[in-house]
Amino acid sequence: MTDIRISRRAALLGAGAIAAWASSPARALFQATDSLAVPAFIDALIAKMTLEEKAGQLQLMASAWGGGVATALNPPSTGPSFEGQIADAVAGKLTGVFNGNGAEMARRMQTAVMKQSRLKIPLIFAADVIHGHRTIFPVPVGEAASFEPDLAMRTARAAAYEAAGAGIDWTFFPMVDIARDQRWGRTMEGAGEDVLVGELFAAARVKGFQGKDLAANDAVMACIKHFAAYGAAESGLDYNSVDLSERTLREIYLPPYEAGFAAGAMSGMASFNEINGIPATANKWLMQEVLRDEWKFPGIIVSDYTGDEEMIAAGYARDGRDAARLAILAGVDMSMQSNLYTLHLPELVRSGAVPQAVVDRSVRRTLAVKNMLGLFDKPFGRIDLKREKARSRTKASLALSREAGRKAIVMLKNDGDLLPLDKSAKIALIGPFASGQHDLNGPWVVYGDNAQAIDLATGIRNAGARNVSVTLGSGVEAPLAGGIDAAVAAAQAADIVVLAIGESEGMSGEAQSRADIVLPEPQMALAEAVAKTGKPIVVVLKNGRALALHGAVKDAPAILVTWFLGSESGNATADVLFGVYSPAGRLPCSFPYESGQEPYHYDHKATGRPAPDGPRVPYKAQWRSAPNAALYPFGHGLTYGKVGYGALTVAPTMAWDGRLEVSTTVTNSGKRACEEVAQLYIHDRTASITQPVRKLKAFHKVALAPGASETVKFTLTREMLQFLGEDLKPTVEPGTFDIWIAPSAQADGAKGSFELVKG
Ligand code: BGC
């Protein structure tokens, strides 16, 4: 049984203050690494550096290697050729490069710098290793559906092992932005809508990437991004403005960043968005007061890709020089891709616009971080062509990818126990994602290859199903000539339809905001036509965000959410389809009835006119055209067991300095083993600051054999009842709390209440 909880106060108060873990293997997650160690040689080195060399140490550029992936992923690099880039590095104009490809590139650049440059400061090699390097794991939001931070730590460790093998020192991950608006395409990169889940996965991912010793040749420096509140973009539009109260910022958005830094991440990335009128990249309050003064973060902050330069278009900086000045003064140590620091910092210092000490401080941090990574001792420590090959796509990492894949799958619905399927059934596999080497890895993969991933048709055949027809039926966003007729014929000839539909890789991720989070029209037409055959349908959704499901898809008897599962996609999905594995995933983001409900999150406030359950009552907080709830809420997910919750055992009062044990019995009355994620929610009925209708405080994953019952027990502490008072300081007030141990944020499960009494 995994018990996962975190004290809110600790999360709000800062590094090292995290407490209240109980019997958890993940307990060690929040133990921060030592603060920045700056050996004397670094100061001696800084004393020797010219202003130009200092600026160079603060400038990171996309790799120009072989027209590589970096330029395909981001706007075309305006940088020089690879040879030109080596010359820049030798001249001290670069601190390192990102999204290059492989140990050979790193070897060539590092060799030149270590042999020919004046000061021989090793380069740092960065990359977006988001959910795997060559072995691809499920997209982060999918992995969060496992409700197993320990799994995220293991996949991050495996990704670090592979990536460090290929010369990578630094990953731009984890992305810990809370996403409460599913129109935002970058939902797939984070851990969903909930703060606690966000904190736990942030910390786990940092620990996984960085390992125990950042200097080890399998450790990769983590980067907490995008600081801050990037996920709160107005109307879910990527890059859009963010306007938030300090309360919401501190209660909802900041805790996962803080948890990631507290777990020891030695770098962070400033976000593209503005917050309340000031771009994050120039936000002194965020980067000085919150990050350095309150949280005591010792590491480096890098801008996002041309984020400093973008302050010109945003109407905040006059020109490139001004943008560089604003960013460095606010605390952005390193500039990514704009080249503005190389171009302007020397003159800014000479003219007195930027104090020399500000630049020196950023250089000191940067060199100290390079030193922590072992780069001064062993500039080639992670650069080894043989090791790169040996560590790539090992049996163990592919097995982990399959494990993570099946744990990420969420079964939304299984009417009449349609699933699991019988291998001997006649299956019509239909839909644009039925087969083919596309849309398997997901939108944010730099180094993985879809061609090496297992598609659904292959997975189903690997599982031993022999009577399977495969029909595409439709394109993803465009119809396929004759597709629907062929799909209907295939369905008619089969016992059961597996309908593989959803979003392509290009429909979620960066810059892929959607006004309507529905399935594309041609796929809906396919679903409706296939449903008319009357054959039972299992919908297998591919998605990077929560979707609003309608019509034949919503009405299908069985629905699986499979996100983008990575290298072992098809095998992992087949494991669930045929019952080799009982689904255990839970939604980390609520599936609304309608797009117009967004932003939607389970922990909303009651309002003064809450809509009652049952028939509509006028003048209540409700939509005319959608229920006041999610179709499938946060925390929801079914298993192949039949899990019931008993009564809640809870004492009527909790003493001010006491603890409160709450428990219930979960029983699997079904015929198959399963794992249940029991979730502890509270609601503070009356407080000096209105509180959400429910808030997740802890969860247990419980293994249940057929017929088995287990007691699920949580210990509540006063800290877990805290919120930010009027003065934005953590507080607790005596009073009545509702409490649930439940299978989702909307289910009753085991319900009760207690009184927190003072004195
Ligand atoms: C993204 C970052 C990413 C960076 C470098 C930007 O467009 O916002 O998340 O790390 O590019 O690839």
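Two strands are taken to pair if DSSP finds at least two bridges between them. In this predicted model, two bridges join strand β2 (residues 59-62) to β11, and the two strands run parallel; in β11, the bridge partner of Gln-59 is Ser-335.

**The parallel sheet**

The pairing of β2 with β11 belongs to an open sheet of five strands, which follow one another in the order β5-β4-β3-β2-β11 with parallel pairing. β5 (170-171) and β11 (335-336) stand at the edges with a single partner strand each, so one side of each is left without a neighbour in the sheet.

**The mixed sheet and its helix**

A second open sheet is formed by six strands in the order β12-β17-β16-β15-β13-β14, and here the pairing is mixed. Its edge strands, each of which pairs on one side only, are β12 (410-414) and β14 (468-471). On average, and with direction ignored, neighbouring strands of this sheet are turned by 15 degrees against each other. Within the sheet, strand β13 (residues 427-430) and strand β15 (residues 496-502) run parallel and are joined by four bridges, and Leu-429 has Val-498 in β15 as its bridge partner. Helix α19 (residues 483-492) lies across β13, β14 and β15, and runs at about 160 degrees to β13.

**Two helix pairs**

Two packed helices are described by the angle between their axes and the distance between the axes. The table gives these values for two pairs.

| Helix pair | Axes come within | Crossing angle |
|---|---|---|
| α2 (residues 40-48) and α15 (residues 356-372) | 10 Å | roughly 135 degrees |
| α10 (residues 246-262) and α11 (residues 284-294) | 12 Å | roughly 55 degrees |

α2 passes α15 in a right-handed crossing, in which Phe-41, Ile-42, Asp-43, Leu-45 and Ile-46 of α2 meet Asp-360, Val-363, Arg-364, Leu-367, Ala-368 and Asn-371 of α15. Sorted by class, the contact of α2 with α15 comprises seven nonpolar, one polar and three charged residues.

α10 and α11 are likewise described as oblique to each other, and their crossing is right-handed. On the α10 side the contact is made by Glu-246, Leu-249, Arg-250, Leu-254 and Phe-261, while α11 contributes Trp-285, Leu-286, Val-290, Leu-291 and Glu-294. The residues of the contact of α10 with α11 divide into seven nonpolar, no polar and three charged.

**Backbone exceptions**

Most residues other than glycine have a negative phi, and most peptide bonds are trans. Against that background, the peptide bond from Phe-227 to Ala-228 is cis, with omega near 10 degrees, and Ala-228 lies in the loop between β6 (223-227) and α10. Another cis peptide bond joins Glu-598 and Pro-599, with omega about -5 degrees; Pro-599 lies in the loop between β18 (591-592) and β19 (630-632). Asn-99, a residue other than glycine, has a positive phi near 55 degrees, and this residue lies in the loop between β3 (96-98) and α6 (102-116).

**Domains**

The domain assignment of the protein chain gives domain 1 (17-388), domain 2 (410-584) and domain 3 (639-757). The C-alpha centres of domain 2 and domain 3 lie 35 Å apart, and twelve residues of domain 2 are in contact with ten residues of domain 3.

Key. Residues are numbered from 1 along each chain as its sequence is written. This is a predicted model: local features need pLDDT of at least 70, side-chain atom pairs count only at pLDDT 80 or more; totals for chains, interfaces and linings use all residues. Side-chain values use heavy atoms; hydrogens and water are left out. Axes are lines fitted to C-alpha atoms, for helices over the stretch in contact, and angles run from 0 to 180 degrees between N-to-C directions. A crossing is left-handed if the near helix is turned anticlockwise from the far one by less than a right angle, and right-handed if clockwise. Contact means heavy atoms within 4.5 Å. Ala, Val, Leu, Ile, Met, Phe, Trp, Tyr, Cys and Pro count as nonpolar, Asp, Glu, Lys and Arg as charged, and the others, Gly among them, as polar. Domain bounds come from an automatic or database domain assignment. Angles under 35 degrees count as roughly parallel, over 145 as roughly antiparallel, 65 to 115 as roughly perpendicular and the rest as oblique.
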